[in-house]
Amino acid sequence: MKKYASFFRIRFIHGLQYRTAAVSGMITQFIWGIMEILLFRAFYQASPESFPMTFQALSNYVWLQQAFLALYLIWFWESQLFDSITNGDVAYELCRPVRLYNMWFVRGMAVRLSKAVLRCIPVLLFAWLLPAPYGLTLPADFRTWFFTLLSMTLAFLLVIAFGMIVYMSVFYTISSQGIKLLASSVSEFLGGAVIPLPFLPDGIREIVNVLPFASAQNVPFRIFGGDLTGREMYISLLLQCFWFITFLLIGRAMEQRALKRVVIQGG
Amino acid sequence: MKSLYLYKKYCIIHLKCIMQHKVSFLLNTIGIFLMSFNLFLGVYFMMDRFQQVKGFSYEEVLLCFSITLMAFTIAELFFRSLDTFDSIIRNGEFDRILLRPRNSLFTVLCSKIEFTRIGRLLQTLLMFAYGILYSTIDWTPFRIIVIALMVLGGVVVFASIYLIFASICFFTLEGLEFMNVFTDGAREYGKYPIGVYGKTVVTICTYIVPFSLFQYYPFLYLTGKAEHAWYGLLPIAGCLFLIPAILLWKFGVSRYQSSGS
């Protein structure tokens, strides 16, 4: 456990060094958040009764999404990992007395967390200062905070476990391009990154909600805004656990099978 | 005329180059298609739920979206080398370009033509056709000219933004990431007529970066929401944005110091 902790620390500190990138990322996130909210305001004015959630909940969703982009954006691939499989460098990693899956899992957590830590606070602070329905409003009761944090953690683990499946699949396909593109585009839409999932039409929405990608950012952000409560919330949390464990098991099985017959290409 | 011939030659070379890796080209094209297809789905589901936004119907929004995306895609197809200009400076490629007996900007443009964007271009054409067939625009010869001007003006505006990026690289030696707000942001949020975002955004997009000159105002005229025919000619005014961009580029070239690698 200790070795993974120190591995996490190394990667985390490494990630914190890119400060200019963080600043420019922040500016982008501010502007995107503002544009997104202006856009939804126009729709809200067009017909408030068609709006599937309160405007306040939507604002919370948008700002949390912008603040924690680094945590939940599926297509935040680490090309180094893909390259190491393709060019054979992964052999060095395999020589180490740690399990590849665990090491990369920890690495993914560290990289994403270090990016998010630098960016989220100014974005959240700015959003909190905005006037009422457009900014971030903090939930009053303790339970909402608790479930949001719990759900955010689950979603974070889920996203990394899904990334691991994609990384592992490259052991079988060698070229990462196809799977990367497919995973990115499908997950982006089904995860609610294009439009929040409650905006999907009835019929489609029910199906998408059960799919694994809906268990990522969709759940915690909606809990925070008070859009997801009660029985529905508990079901969503259970689904999150279910998909996380499923992805974890699939990824680990893929790793074990791949390493049993791994062929190092090149040298 | 000779430059045009040369450019054609470069085009063919780039095309041959890509065709060496057919599968990778195909996958990239499909991937880019899928990514922008997500944008389309977003618009479709939103319009399906709300029917109209600020008086624009689904067909009109789709037409506007396709015009913006088409202009962006064409600009990206031909001017992508300016987007990655920082690497051209850093690896010393620009020193070599300066030695060539042609205009430096022209040579830079020849160094990269991004054919993988064809997937998205195809999608914009489909949406464009749908928008034209099903929107209730009263077509006159002048309106056809206006729509062509919109696409053309858009390409010029996006190209100017790319050129400004590239010129800034002369001084910073590094691409400024937040400048992507103007290109990616415009692609992302230009899917709806700019007026949707409110007055402040329209003002910024008129006087600072002229997005609304080729997208919003002519579109108002096109859909009959504004009577002024001169709105339709505003894309030409948007093209004036190219002048400061070229001046900045010239200034940058005159101050150019090799990065030393």
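In chain B of this predicted model, the loop between E1 and strand E2 (56–57) holds B:Lys54. The phi of B:Lys54 is positive, about 50°, although the residue is not a glycine. B:Lys54 is classed as partly exposed because it has 16 C-beta neighbours inside 10 Å, a count that falls between the limit of 12 or fewer for exposed residues and that of 20 or more for buried ones. A second residue of chain B with a positive phi is B:Gln51, which is likewise not a glycine and has a value near 70°. B:Gln51 is placed in the loop between H2 and E1 of chain B. With 11 other C-beta atoms within 10 Å, B:Gln51 is exposed. Most residues other than glycine have a negative phi.

The secondary structure of chain B consists of 14 helices and two strands. For a chain of 261 residues, a compact globule would have a radius of gyration near 18 Å, and the 19 Å of chain B agrees with this. Taken along the principal axes, the C-alpha atoms of chain B fill a box of roughly 55 × 40 × 35 Å. Buried residues account for 40% of the 261 residues in chain B. Of the contacts in chain B with a separation of 6 or more, 78% are between residues 24 or more positions apart. B:Leu152 belongs to helix H8 (residues 141–172) of chain B, and it counts as partly exposed because it has 17 C-beta neighbours inside 10 Å.

The mean pLDDT of chain B is 89, with 99% of its residues at 70 or more. Among the elements of this chain, the lowest mean pLDDT, 85, belongs to H9(B), and the highest, 93, to helix H14 (residues 242–254). For the complex, the predictor gives an ipTM of 0.87 and a pTM of 0.89.

Chain A contains twelve helices and zero strands. From the N terminus on, its elements accordingly read α-α-α-α-α-α-α-α-α-α-α-α. A compact globule of 267 residues would have a radius of gyration near 18 Å, and chain A, at 19 Å, agrees with this value. The C-alpha trace of chain A spans about 60 × 40 × 35 Å along its principal axes. Of the 267 residues in chain A, 42% are buried. Contacts in chain A between residues at least 6 apart in sequence join residues at least 24 apart in 82% of cases.

Helix H8 (residues 142–173) of chain A has 32 residues and, at 1.5 Å a residue, should span 46 Å; the C-alpha atoms at its ends are 47 Å apart, which agrees. H8(A) is followed by A:Ile174, which has a positive phi near 65°. Elsewhere in chain A, A:Arg99 occupies the loop between helix H6 (90–95) and helix H7 (100–129). A:Arg99 counts as partly exposed because it has 15 C-beta neighbours inside 10 Å. A:Arg99 and A:Val159 are 60 residues apart along the chain, and their C-alpha atoms are separated by 20 Å.

The largest nonpolar core has 136 residues, and those that touch the most other members are A:Ala155, A:Leu158, A:Val159, B:Val61, B:Ala75, B:Phe158 and B:Tyr162. Leaving aside neighbours within four places in sequence, the contacts of A:Ala155 are with A:Tyr72, A:Ser215, A:Ala216, A:Gln217, A:Val219, A:Pro220 and A:Gln240.

Between the two chains, 30 residues of chain B are in contact with 25 residues of chain A. On the side of chain B that touches chain A, two or more residues each are given by helix H2 (22–50), strand E1 (52–53) and helix H9 (180–189). The largest share, 15 residues, comes from H2(B). By residue type, this side of chain B divides into 18 nonpolar, eight polar and four charged residues.

Methods
Residues numbered from 1 in each chain as written. Chains lettered and ligands numbered in written order. Predicted model: local features only at pLDDT ≥ 70, side-chain atom pairs only at ≥ 80, totals over all residues. Contact = placed C-beta atoms within 7 Å. Helix = DSSP H or I, 4+ residues; strand = E, 2+ residues; numbered from the N terminus. Nonpolar A, V, L, I, M, F, W, Y, C, P; charged D, E, K, R; others polar. pLDDT = per-residue confidence, 0-100. Expected span 1.5 Å × (residues − 1). Rg over C-alpha atoms; globule rule 2.2 N^0.38 Å. Core = buried A, V, L, I, M, F, W, Y, C linked by C-beta atoms within 7 Å.
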